[in-house]
Amino acid sequence: MSQMPRQAALPKCPSCAEPVEPGDLFCGACGYDLSVVPAPPQDHPTLPMTGAAAPGNGTDRPAPWPAGPAPAPPADPPGPGADGAAPHGQEDGDERSAGSGVRFDRPAEPDEYPLQAPDPRPAAAPAAPARLCVACRTGRVDDDGYCENCGHAQPRERDHLERETGPVAAVSDRGLRHHRNEDAFAVGHTTLPDGTPAALAIVCDGVSSATRPDAASLAASRAAGDTLLAELPRGTHPQAAMHEAIVAAAHAVNALADEPVTAREHAPHQNAPACTIVGAVVTSGLLVVGWVGDSRVYWVPTDRTAPSARLTEDDSWAAQMVAAGLMSEAEAYADERAHAITGWLGADAYELEPHTACFRPDRPGAVVVCTDGLWNYAETPEEMSEAVPPDAATRPLHGARVLVGHALDGGGHDNVTVAVLPFPAPPQGAGSAGRP
């Protein structure tokens, strides 16, 4: 209890009004605990204590603490009053009465309360809602993309992709048998230095027997697409630009093999990431193609009475057998080794040999750039011509969708990716360029 200043008159007990000595902890008359009387708050006015005269005293009782603010009543008084009654029983909630007649009035409630200062810390972002399984619709999807209830693998972002930019469009789908999409593509359009419009498409197919084939195809398609969009506006010939694009794609895939030593120790028998690549550049009068592997480019004229053509040669076991005259094309592609590739992009490739070729079609048509996920179901130029819709050159996205559907209807055994470019490239406006 804090030291009180000396006064001319002795302080009195707040319960029975008997004088008490400074420093007393209990009233000598009624036993009131003087140490539990708290000091009043500093931000409220002094509260007067009034009540009936004590027995034998005909005058109003003076304030028990002559100097300083009056103490607030104790929360739970420990002893009885002088007349044997409880010294501070509550009556009507706002009065505390005792045998001594002392009354303690509560301070008036303020009309307004001060508002707490806002928390300067940023509010925590609300938790993202849990993903529900697309199969059972009840289980939560874990961080690995599987349902915790039924174990169903959830669709990935690359399971089905569609892009359309200017006159070119592409569609890629996981297919019906593979657990992920290992294909990737890049499409775009730009202008040559003389203002001639140019459209481009790159399609890559990850080698499933290699490590991270999906990462390889994505890196290769991005590198090749970016290189073409950079080189063509500078005046680089489209065939030279295509060669540079394939080389850039190879470097991007090779870089994926630079893993930490610990990663290679855990998987010593895995091959380096690898993929195939095929691309096309279309201008007002020139069609350039480039490839490494067994993805293909087909030419389908708008006038279907004119012949269609396959513009690439596979880097595969079957193609080598046919080129060497050891097998017919039908026999070679019927062999189980037919799709074993002899050229690819990757750190463990034998030697990078980009193939490029230029064509000058004499009529309008559509250029189809695709992986073997499509041409397995439309292998010959005639079969591809039948699968391509008649308006593919004017509706490239629709044409790509139809061709992907053709592969899925045929069985969808592999990932399927198709890009459709009209020939010649229609004007897109001076200075336009882009690739989503």
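**Close-up views of a predicted model**

**View 1. The open six-stranded sheet.** Six strands, in the order E3-E4-E14-E13-E9-E10, make up an open sheet with antiparallel pairing. Strand E3 (160–165) and strand E10 (309–310) lie at the edges with a single partner strand each, so one side of each has no neighbour in the sheet. Strands, like helices, are DSSP runs numbered from the N terminus (E, at least two residues, for strands; H or I, at least four, for helices), and two strands pair if DSSP finds at least two bridges between them. The model is predicted: local features require pLDDT of at least 70 and side-chain atom pairs count only at pLDDT 80 or more, whereas totals for chains, interfaces and linings use all residues. Residues are numbered from 1 along each chain as its sequence is written, and side-chain values use heavy atoms, with hydrogens and water left out.

**View 2. Strand E4 and its two partners.** E3 and E4 run antiparallel and are joined by six bridges; threonine 165 has valine 168 in E4 as its bridge partner. Two residues separate the strands of this hairpin, in which glycine 166 adopts a positive phi near 60°. Strand E4 (residues 168–173) is mostly covered, with six of its six residues buried (buried, under 20% relative accessible area; exposed, over 50%; partly exposed, in between; 1.4 Å probe, protein chains only).

**View 3. Strand E14 and an aromatic pair.** Strand E13 (residues 365–370) and strand E14 (residues 416–423) are paired in the antiparallel sense by six bridges. Glycine 365 has phenylalanine 423 in E14 as its bridge partner. The structure holds three aromatic pairs (rings of Phe, Tyr and Trp, the last by its six-membered ring, with centres within 6.5 Å; planes under 30 degrees apart are stacked, over 60 edge-to-face and the rest tilted). One of them joins tryptophan 299 and phenylalanine 423 edge-to-face, at 5.8 Å centre to centre and 90° between the planes. Tryptophan 299 belongs to strand E9 (residues 296–301) and phenylalanine 423 to strand E14, and the two are 124 residues apart. Both tryptophan 299 and phenylalanine 423 are buried.

**View 4. A charge over a ring.** Arginine 296 places its charged end over the ring of tryptophan 375, 3.4 Å from the ring centre. The criterion is NZ of Lys or CZ of Arg within 6 Å of the ring centre and within 35 degrees of the ring normal.

**View 5. The largest nonpolar core.** This core has 29 residues, of which Val368, Cys370, Leu374, Met384, Leu403 and Val418 touch the most other members. Helix H8 (residues 396–410) contributes the most to this core, with five residues. A nonpolar core is a set of buried Ala, Val, Leu, Ile, Met, Phe, Trp, Tyr and Cys residues joined through side-chain atoms within 4.5 Å. Leaving aside residues up to four places away in sequence, leucine 374 touches Val368, Met384, Leu403, His406, Ala407, Val416 and Val418 (contact, heavy atoms within 4.5 Å). Another core, of 28 residues, lies apart from it and includes Ala186, Ala245, Ala249 and Val281.

**View 6. Cysteines without disulfides.** A search of the whole structure finds zero disulfides (pairs of cysteine sulfur atoms within 2.5 Å). The closest cysteine sulfur to that of cysteine 30 belongs to cysteine 16, at 3.6 Å, too far for a bond. Cysteine 30 counts as buried at 13% relative accessibility, whereas cysteine 358, at 33%, counts as partly exposed.
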